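Subject: Structure handover

Hello,

The structure is below, followed by notes on what was found in it.

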Amino acid sequence: MAVEGAVASRSGLRSALPLLAPAYLWLTVAIFLPLSAMVFFSFMTDLPLSGKPWAFTLGNYAAFFSQSLYLTLLLASLRLGLEVTLWCVVIGYPAAYVLAKVLKGRSREAIFLLVILPFWSNGLVRIFSWAMVLREGGILDTALNAVLPFKINIDLMYSYPAVIIGLVHSYVPYMVLTCYLTLQAIDDSLIEAGRSLGASRLQVLKRVIIPLSMPGLVAGAALIFVPVVGSFMEPRILGGRTGTFYGTVIEDQFVAVFNWPLGAALSFILLAVVLVILAIASPVLRRAA
Amino acid sequence: MAGVQVSNVSRSFGAHKALDNVSIDFADGGFYALLGPSGSGKTTLLRQIAGFDFPDSGRISIGGESVERVPVEKRRIGMVFQNYALFPNMSVADNVAFGLSVRGEAKAVIAAEVQRALDLVQLGKLGGRRPHQLSGGQRQRVALARAIVTKPRVLLLDEPLGALDKALRVDMQIELKRIQREIGITTIFVTHDQEEALTMSDRIGILRDGRLVQEGPPEEIYDRPKSEFAATFLGDANIFRGDSTGNGIRLPDGTAIAAGVGAALAAGAKASCAVRPERIRIATDGGASDATNANMLKGQVSKRIFAGNNSTYFVERAGQTLKVIVQNTGADRLAEGQNVVLRWSPESTVLIAAS
């Protein structure tokens, strides 16, 4: 029996190989190799371009610890990730709930389309349209002053709130989608059962629906938190001078300063920190789920 | 504990009348079955009583208190759902504790009540399990324990045994009845299974197209159905259609059938007679006629189905197929194609106004 099983699974693996190969080949070429090169770079004194001399060093990693600026920026980025994730939960979860449990048929399709629309638009276009909305004399400023009887100046451009707004707008669809999927899988009769036992809608939400949709919340949070911590486009365009974060510093190393080894080292430190955070958070979140 | 009164309740969904002026009085402590085909409105009625949906018109009261605009969570009802609806994120004990815990009862009180409820449904040792670790019958019991632990005024069951296999269903019928007797709670039970309705309930309400067709004790509905629908939906019946003679009907071919039970109808009106298959005696010769077998028809056996303890004969007679059920008493069985005489008493014949 056991032998037969092993043979069966081996032949199963062989027949599955042609199906798995393209994905793994792609991952190897597109992610693993460049990433290995980056690991290599992060231990070099300089890029081996045009015959410049170089040597191995730990200096790039040491730089992170010797200058408090990097740690400050990393903490700011983590805070940014946390805040954006929280806003995405606050905005995305109720939307997902309404989509999954309240709306039916055509209206659900229409609202769903509106939610995933940001996915279909170019990221840069999205950010520059926010710039037009948020700047002084922009759309928001003009609209509010047209309605309000007194004069106010709304200039959110180049500020921390602008960065948050842009990032939340970009990432909220992830939260809506992951939560929608888990919420839709929750049987409506569970809600009815809860209420028949005397629980208010809020109590049912707290004790039944949120615990059952925890996997969606966790998946959404992970999908949002990780890229936001490393984000640079939104902070740079919408944040201006206040938009200096860990991600923008890494980008500078690659694009402006041309110090790839430092940029690579900073990236791997970020990766390590994020992995540690997810590792610490996952048992807690799994228990909650 | 309390009785439930439903008075003139109507509910429409768009153009569809799900409930059409339904009135039923569910007495305190009784076990009621709402029986009907799918789409008859039985589940809609149960949901109105539960408070998941409100009637367009009419009144619903529980224990004399008018509740038709009171939301579910304030009605103090217990409900068991068709798919059990156990909370998958909680243990069995936490499921049962839910109703008490949202009410804010003390932990010690909750633990004691939960244990008592689980003992009542004979699952006292399984409190620590998760719902997915239980069998269908066990989930059913947990759902029941969860519904009654809050001491609701009325227990509502929505086809609770529908998902169980036949043997388990019979066990659960007996079990459910025992528990209901033990706590004496008014119970309303939706089913499309006529046998379940007959064996379990004190009273049955038959619904069709949103209307209450007939309501009463199972024996009364079975022995004295008021419509062809009630006669054929609850149990099996042979229906004869003809003109009323006042105490029976005359078939189109002139044969008279005497009816000793049922509606009083003026002679000449269109009417039907219903006869239960087990009330008809089947024989190869006529025998003597007397008051207990005054109705007689001749026919030919077209088919016999042997079911062990009884046999069902299908008898062709003037273009109509009649059903006769004969207990297996060891007597000779009749062959297909045999000419037979059917006899039954007027007392077994129910006169029904044409619908």
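Two residues count as in contact if their C-beta atoms, placed from the backbone, lie within 7 Å. This is a predicted model: local features need pLDDT of at least 70 and side-chain atom pairs count only at pLDDT 80 or more, while totals for chains, interfaces and linings use all residues. Residues are numbered from 1 along each chain as its sequence is written, and chains are lettered from A and ligands numbered from 1 in the order in which they are written.

Helix pair, chain A

Helices (H or I, at least four residues) and strands (E, at least two) are DSSP runs, numbered from the N terminus. In contact are Val115(A), Ile116(A), Pro118(A) and Phe119(A) of α4(A) with His169(A), Ser170(A), Pro173(A) and Val176(A) of α7(A). By class, this contact of α4(A) with α7(A) has six nonpolar residues, two polar and no charged ones (Ala, Val, Leu, Ile, Met, Phe, Trp, Tyr, Cys and Pro are nonpolar; Asp, Glu, Lys and Arg charged; the others, Gly among them, polar).

Chain B

An automatic or database assignment gives the domain bounds: domain 1 of chain B is 4-223 and domain 2 is 236-353. Their centres, taken over C-alpha atoms, are 39 Å apart.

Strands pair if DSSP finds at least two bridges between them. An open, mixed sheet of six strands in chain B has the order β13-β12-β11-β15-β21-β14. β13 (256-258) and β14 (261-262) of chain B are at the edges with a single partner strand each, so one side of each has no neighbour in the sheet. β11 (238-244) and β15 (270-275) of chain B pair antiparallel over six bridges; Arg241(B) has Ser272(B) in β15(B) as its bridge partner.

Regards
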